[in-house]
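Hello,

Please find the structure below. My notes on it follow.

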Amino acid sequence: MATGLSLVIKRLETIFGPLSKFSNYISALFLCIMPLPVFLDVLARFMFKGAVPGAIEIEGFMLLIIVFLGLAFTQVHEGHIRIEFLVSRLPKWARNVTDSFAYLISTLFFFLMSSQLVLKGFQKIQDHEISYDLEIPTSIFWFIAGAGALLLALVVLVDFLKVLQRSVESDKRLWLVPALAASLFLLFAPMLGLAPSGLSGAATGVLGMCLLFILLFLGMPIGFGMAFTGFLGMIVIYKGVKPSLAMLAIGPYSTGASYMLTVVPLFILMGELAYHSGISKDLFDTASKWLGRLRGGLAMSSVAGCAGFAAVCGDSLATAVTMGTLAVPEMKKKNYDMSLATGCLAAGGTLGILIPPSVGFIFYAIVTEESIGKLFIAGLVPGLLLAGMFIVSIFLIAKLRPDAAPRGEPTSFKEKIASLKGVVGMLALFVLILGGILAGIFSPVEGGAIGAVGAFVYALLRKRVTWKMIVLASEDTLSITCKLLLILIGVGILGYFLAATRLPFSLAEFITGLHVNRYIIFTGVVILFMVLGCLLNVIPMILLVLPTIFPSITALGFDPIWFGVVTVITMEMGQITPPIGVNVFAIASVAKGVPMQDIFRGIVPFLICMIICVVLLTVFPQIALYLPSVLFQ
Amino acid sequence: GRQAYSADVYQLKFASEYPDKHPTVINGFMPWIKKVKELSGGRLVITFFNPNALVPARQAYDSVVAGVADIVASPCHWVHGKFPLAPVIQLPLIFNGAEAASLTTWDLYNEFPEWRREYREVKVLWQWASALFEVHTKKKLIRTLEDLHGKKMIGWNPQIRHIIKELGANPIEVTPHDTYLALERGMADGVICPIAPMKAYKITDAAKYHTIVDMMCDPFYAAVNKAKWNSLPSDLKKILIDTTGDKMARISGKTLDEGSIRDSQWMKAQGHTFYVLPPSEKMRWKKKVQGIHEEWIRKMEKKGYKNARKIHAEVLRLAEKYAKTTVGGYK
Ligand code: NA
Ligand code: NA
């Protein structure tokens, strides 16, 4: 039987492998042209007082196409983001069993989602529904989304068959029976009407969250788990399957076709292009010429390089990887303590979401409806402050443990001055974006497209544009975008379920009803963010919790922009805290041979800096609020 | 069946396009929800949800058809093409205020079977129309067509951008959220939008000159899921019908007008300049946009709506009739 199965798997892989790759190419193509409508719109407005009709609508539809056509390849290529730390400790056979459970559910679930999207497409044809601006039949986009979900279902099916084969070959194969039965039961029993009834909304919500955590710890990708939990929960709440099925179509579609979210791939693309055009290397070279002679100078240069690169990159993971690839080998050569070397890069990378542009602030703005422009400006000073604190702590570490951070080569003052031209590229792009926003040439959302075009032009000027470079930059951007957007799709469905249970409202009422000092509540919220940040990837965690917390925070009289900065700093902490520290994982993949626990040990001083930074912000909110108050009057 | 148990409590989830701080929600929807609860002796409980909380706002129609929401209150244009007759309400320079536009929309629903047919998948409780779009500028008051000529004017939806273009200005597409910054930084000269959302989006900090032209408005509908409606006992159905219809059409429009009046008075207190377009100048504007009316009628007739011209004429007649009995959105 196992050989028959392996033949089937081979056969399916030869079909779906190329198919998902092809669909990813289409997705990459749309990503590359995505900056154009907004760029041309801004240009038309600036130069001819005109506009490109339907630019906003086109961007939304492009994001939908990019995301849905990229989902399958992301699964094949690297897999969607999941919590590994529990399942990775299981013996191999047990891991195969939990994986078959998770993959079977996921396969069936995405088949279901795809069918609903396609059905909706047919319904839109009947309804003659057209887009509001360009009057394009919307059915086209429902069908594209359906096709993307179908392809994802098919590649997850192949993954399922693979773990099934491994399980069947092992002597613990009997365990498969309860695992597969459990997944079929979990999916179909509620659909057939076997669901707990008589539960209160809040109880259903709590049960749903428990189920979610179980699924996530069993290794189900975060986005899959959230979407699936939301789907099941809605069946229970609505006492029927029709609303849940409808939500499988309308939830993912509205997340994908969202204009606000188009900035996410664009700012990530900008960072990728900046990296490939050599900006990161230039920055690191300049910093090490200036700081290299000091004890710990290379580590300080790494942080300074991260801060500089953060000014042209919206994502913290990309910042960490970019500077990590450059700086880790250098520090290894100079006999740095690798715990310090990797720790400072993992932490330094998190500046990517504090110093604008920032995907972190974008997500915060999406949830809270605050101004992205103000949030960007508010992050600037705290970002520089935190970078300074990182550098000071490296200085102190080098003082205490001189062998951990040796001196580098001396450089002449002339060399130092000459090296300054290395920051020109970064400064030019940074000024382009923030300057353009502040001068009113384009909006913060449009800044993503402008930044991507700007980085591309810079790469052209540096003669760094090659076919390969474009492919690499767009593939990496797509991978990060699809991972994040899939989680957002899950967050959406889960959110609609939770809203129907009214659990978030009850919680917010409970918190604001506690008659204690508001700073105690604030501290509790920050600790909650930190604890959840340990377990979850942080952007999804914020997306999950913030809608519940935010109304209470404003009700308590805290400034929403200031709270945004605090939230982003706690997001940064989550990126580096064990067991799920995405930046640590990223640096570990760059610094081959450095054990994970050494990196986690290395982040401790920087984590302390972040906590001090939050305290400083709480005592002196002006650190964050002064610039926006001056620039936005 | 279940209808026999008349003591059952029926819970309806209500997904609204307006958030809970909106004057129409505070003075229209919430009092209605309360009244329904009272009249039913607590047996019919409607739970209000902010936009995008229970369902994605843009998918409100699909959500109520599928029963994710039991009731929605949503603009017709989120399902553009689904209600082809509704855009007649969006034609330029017809109404004096939201109340008149709302009563007209609801009358059309009741008068024309082809209008009702478009909503056959749901049970419509009432229809209404948004507050009227006015002209708001940053630096210079707009008094004439010539003042408007060549200005970069923000429009939030395709219809208003179409009108802006016909009037000789340059339409700019910016989201409501980015409008404040766009004006503040000089990306655009002004915006044509209702007065109501300006305070919330802080647009009032940037645009200090306001010309009252009553440019256009958007039609809305409030509807119940069909299966849910059918599951309600007849006395509860009666409560829902008795408390909505023209009553809610009027209240929805009136609260929008009152909100506009209150906000414009607040702006005046902040030193803003207001100017009401005189009838003679308005005639010139009307002539400029007359083509949009004809275009709509022809397009609909081509689609097979034989009554299109009749419906259009009825809209004008009702608008005139209600203009006499309503105050509009500016005092
Ligand atoms: Na950044
Ligand atoms: Na973490």
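Helices here are DSSP runs of H or I with at least four residues, numbered from the N terminus. The model is a predicted one. With that numbering, Lys463(A) sits in the loop that links H19 to helix H20 (467-501) of chain A. Its phi is near 55 degrees, which is a positive value in a residue other than glycine. Lys463(A) has a relative accessibility of 73% and so counts as exposed, since the cut-off for exposed is over 50%.

A second residue of this kind is Asn335(A), where phi is near 60 degrees, again positive in a residue other than glycine. Asn335(A) belongs to the loop between H13 and H14 of chain A. Asn335(A) is exposed because its relative accessible area is 61%.

The loop between helix H13 (316-333) and helix H14 (338-349) of chain A also holds Tyr336(A). Is Tyr336(A) buried or exposed? Tyr336(A) counts as buried, because its relative accessibility is 5% and buried means under 20%. Apart from residues up to four places away in sequence, Tyr336(A) touches a set that includes Gly296(A), Gly297(A), Leu298(A) and Ala299(A). Met331(A), Ala341(A), Ala404(A), Ala405(A) and Pro406(A) are also among the residues that Tyr336(A) touches. Between Tyr336(A) and Ala299(A) there are 8.7 Å from C-alpha to C-alpha, while in sequence the two are 37 residues apart. The side chain of Tyr336(A) has a polar atom 3.2 Å from the backbone nitrogen of Gly297(A). For the backbone nitrogen of Leu298(A), the distance to a polar atom of the Tyr336(A) side chain is 2.9 Å.

Next, a pair of helices. How do H10(A) and H19(A) lie relative to each other, roughly parallel or roughly antiparallel? Helix H10 (residues 263-276) and helix H19 (residues 444-461), both of chain A, have axes that come within 8 Å and cross at roughly 25 degrees. H10(A) and H19(A) are therefore roughly parallel, as angles under 35 degrees count as such. The crossing of H10(A) past H19(A) is left-handed. On the H10(A) side, the contact is made by Val263(A), Leu266(A), Phe267(A), Leu269(A), Met270(A), Leu273(A) and Ala274(A). H19(A) contributes Pro444(A), Val445(A), Gly447(A), Gly448(A), Ala449(A), Gly451(A), Ala452(A), Ala455(A) and Phe456(A). By type, the residues of this contact are 13 nonpolar, three polar and no charged.

His276(A) is part of helix H10 of chain A. His276(A) has a relative accessible area of 19%, so it is buried. Setting aside neighbours within four places in sequence, His276(A) is in contact with Arg464(A), Met469(A), Leu472(A) and Ala473(A). Ser277(A) is in the loop between H10 and helix H11 (279-291) of chain A. Ser277(A) is also buried, because its relative accessible area is 0%. With neighbours within four places again left out, Ser277(A) is in contact with Tyr458(A), Ala459(A), Arg462(A) and Arg464(A).

The last item is a peptide bond. Pro356(A) and Pro357(A) are joined by a cis peptide bond with omega at about -5 degrees. Pro357(A) falls in the loop between H14 and helix H15 (359-368) of chain A.

Regards

Terms used:
Residues numbered from 1 in each chain as written. Chains lettered and ligands numbered in written order. Predicted model: local features only at pLDDT ≥ 70, side-chain atom pairs only at ≥ 80, totals over all residues. Heavy atoms only, no water. Helix = DSSP H or I, 4+ residues; strand = E, 2+ residues; numbered from the N terminus. Buried < 20%, exposed > 50% of the residue type's maximum accessible area, 1.4 Å probe, protein only. Contact = heavy atoms within 4.5 Å. Polar contact = N/O pair within 3.5 Å; in protein donor to acceptor, adjacent residues only side chain to side chain. Axes fitted to C-alpha atoms, helices over the stretch in contact; angles between N-to-C directions. Parallel < 35°, antiparallel > 145°, perpendicular 65-115°, else oblique. Left-handed = near helix turned anticlockwise from the far one by under 90°. Nonpolar A, V, L, I, M, F, W, Y, C, P; charged D, E, K, R; others polar.
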